[in-house]
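Here is a short report on one protein chain. Keep the 3D view open while you read.

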Amino acid sequence: MGSNRSFLPILSRCLLICVTLWSDPSNGLSSKSTRRPNIVLILTDDLDIAIGGLTPLPKTKKLIGDAGISFTNAFVASPLCCPSRASILTGKYPHNHHVVNNTLEGNCSSKAWQKSEEAATFPALLRADAGYQTFFAGKYLNQYGHSEAGGVEHVPPGWSYWVGLEKNSKYYNYTLSVNGKAEDHGADYRKDYLTDVLANRSLDFLQYKSNYLPFFMMVSIPAPHSPWTAAPQYQNSFNTTKAPRDPNFNVHGKDKHWLIRQAKTPMSNSSVHFLDDAFRKRWRTLLSVDDLVETIVKRLEVRGELDNTYVFFTSDNGYHTGQFSLPLDKRQLYEFDIRVPLMVRGPNIKPNQTSRMLVANIDLGPTILDIAGHDVNKTNMDGMSFLPVMEGKVNSSTWRTDVLVEYQGEGSPVSDPACPLLGPGVSECFPDCVCEDSYNNTYACVRTAAPSTDLQYCEFDDNEVFVEVYNVTADPYQLTNIAKTIDQEVLEKMNHRLMMLQSCSGQTCRTPGVYDTRYKFDPRQMFSSHSWRPSRLRQKK
């Protein structure tokens, strides 16, 4: 397990400060603080649910899902790491937090992000307004630690203890920012394997934190993101496993956006072999995640804190391996990329629950603030608290029926020398010249999940204004685009709803959807243009 160097002395000093604060009646905190619930958020990286991502996580399902509630309709606001993580932290859609991709130019952990959004993230509010001690360990935003974004010396506001990974997911040979000081790690499993290091740092926090204040702990794990490096004891697991051959595996997306249609079908044997190998490696990394979850939950139990602690488990986006002949990635509008696992256990949550009610990652911040007793209505968040859903206080007739999904495509300004026929404007290309992204892979969707309807409506920001619509009830693998056959009135209502959501902010993002019985069409909600759409000329760096 990982090294703890330089962290324990810092925790010990902070403990003294926390006890002093609690003992001082002038700070407004009292013994009532000890009764407020603790909160743990465990965030994975690229963990799907549609293609079996939870299979390697039996202990996680038992300790969190079976002990609480599992959401089957949990979606992300954008199927890419940095925009999605920004939505989790801010409770906002991408058109409001303005993080559009994983680059500094796309506002990922940029100075502009730090100035405009970081001080109002839900952890900052938890610490400043709700009196929580807060702990972060793992991957933050993809460009965190960049020299043009303050380096590893920058500690985002809101964190009492900070162990942030420099830049993107790795398992070995990385740098951590430990409360603003660089800590370099090598390739020795016993002290450097990142998933285990994060588990150990979490245990350190639980041991040395103040027992007089509630805590929030966010553990952001690299798995199962590439480079898919498994712990030594798991390197031979799942040797016969292959990516699932679902109906949308290795088939041509003939009625979809041009980027999907350009994928070669059937895939070459080498491509299928590559994605099967990657699939196995992803699952192997998740075995250490399962160990981490067990370690944290069991420690909370031993400390007598589990019964008063909410534990969330989710992912920043889904993933695909061969669906519609796309080899490996996320970024697309389909269920496998936008739907994620979400399980929660905690006080007043009955065990063995499954909910089909629609939630999104923009709801995590409002829900956690609600648990802490903070008035979510005083924030500018677009999401809503699903605490009443977990406690059984609302039903599907009064809950929301749709959410927005938005993505800005990226492309290279020059042609890939290996694939000159594709021309400029594409990116994330594989050796067989199948590309996973492009400038005009820029889209927005209304994802509806109502008692009567399970529908996805999407528009692309391209010259065609290409539309894709799926009846997910009848067509769960999204094989048939019904945009040309669905009732015209439905298309018009969904188009109006999409425009309204693309321009929403705060409370207006929570108005009734088309399939909500409270929905009323208001012509004033129509706009002449989609205000969220950024320039398609932004270049990938």
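Predicted model: local features only at pLDDT ≥ 70, side-chain atom pairs only at ≥ 80, totals over all residues.

Residues are numbered from 1 along each chain as its sequence is written, and side-chain values use heavy atoms, with hydrogens and water left out.

**The sheet**

Strands of a sheet pair through backbone hydrogen bonds, either parallel or antiparallel. Here, ten strands make an open sheet with mixed pairing. Their order is β7-β6-β5-β4-β8-β1-β9-β12-β2-β13. β7 (181-184) and β13 (353-355) each have a single partner strand, so one side of each lacks a neighbour in the sheet. From one strand to the next, the twist averages 15°. Helices (H or I, at least four residues) and strands (E, at least two) are DSSP runs, numbered from the N terminus. Two strands pair if DSSP finds at least two bridges between them.

| Strand pair | Sense | Bridges | Facing residues |
|---|---|---|---|
| β1 and β8 | parallel | five | Ile42 and Val219 |
| β4 and β8 | parallel | six | Ala137 and Val219 |
| β2 and β12 | antiparallel | two | Ile69 and Val344 |

**Strand β8**

Is β8 enclosed or open? Six of its six residues are buried, so β8 is largely enclosed by the rest of the structure. Buried means under 20% relative accessible area, exposed over 50%, and partly exposed in between, with a 1.4 Å probe and protein chains only. One face of β8 holds Phe215, Met217 and Val219, and the other holds Phe216, Met218 and Ser220.

Helix α3 (residues 81-90) lies across β1 (38-44), β4 (133-139) and β8 (215-220). Contact here means heavy atoms within 4.5 Å. α3 runs at about 170° to β1. Axes are lines fitted to C-alpha atoms, for helices over the stretch in contact, and angles run from 0 to 180 degrees between N-to-C directions. Ten of the ten residues of α3 are buried, including Cys81 and Leu89. Just after α3, Gly91 has a positive phi of about 70°.

Helix α8 (residues 194-208) lies across β4, β5, β6, β7 and β8. Its angle to β8 is about 170°.

**Ser270**

Ser270 sits in helix α10 (residues 269-302). Ser270 is exposed, with a relative accessible area of 54%. Its C-alpha atom is 9.5 Å from that of Asp432, 162 residues away along the chain.
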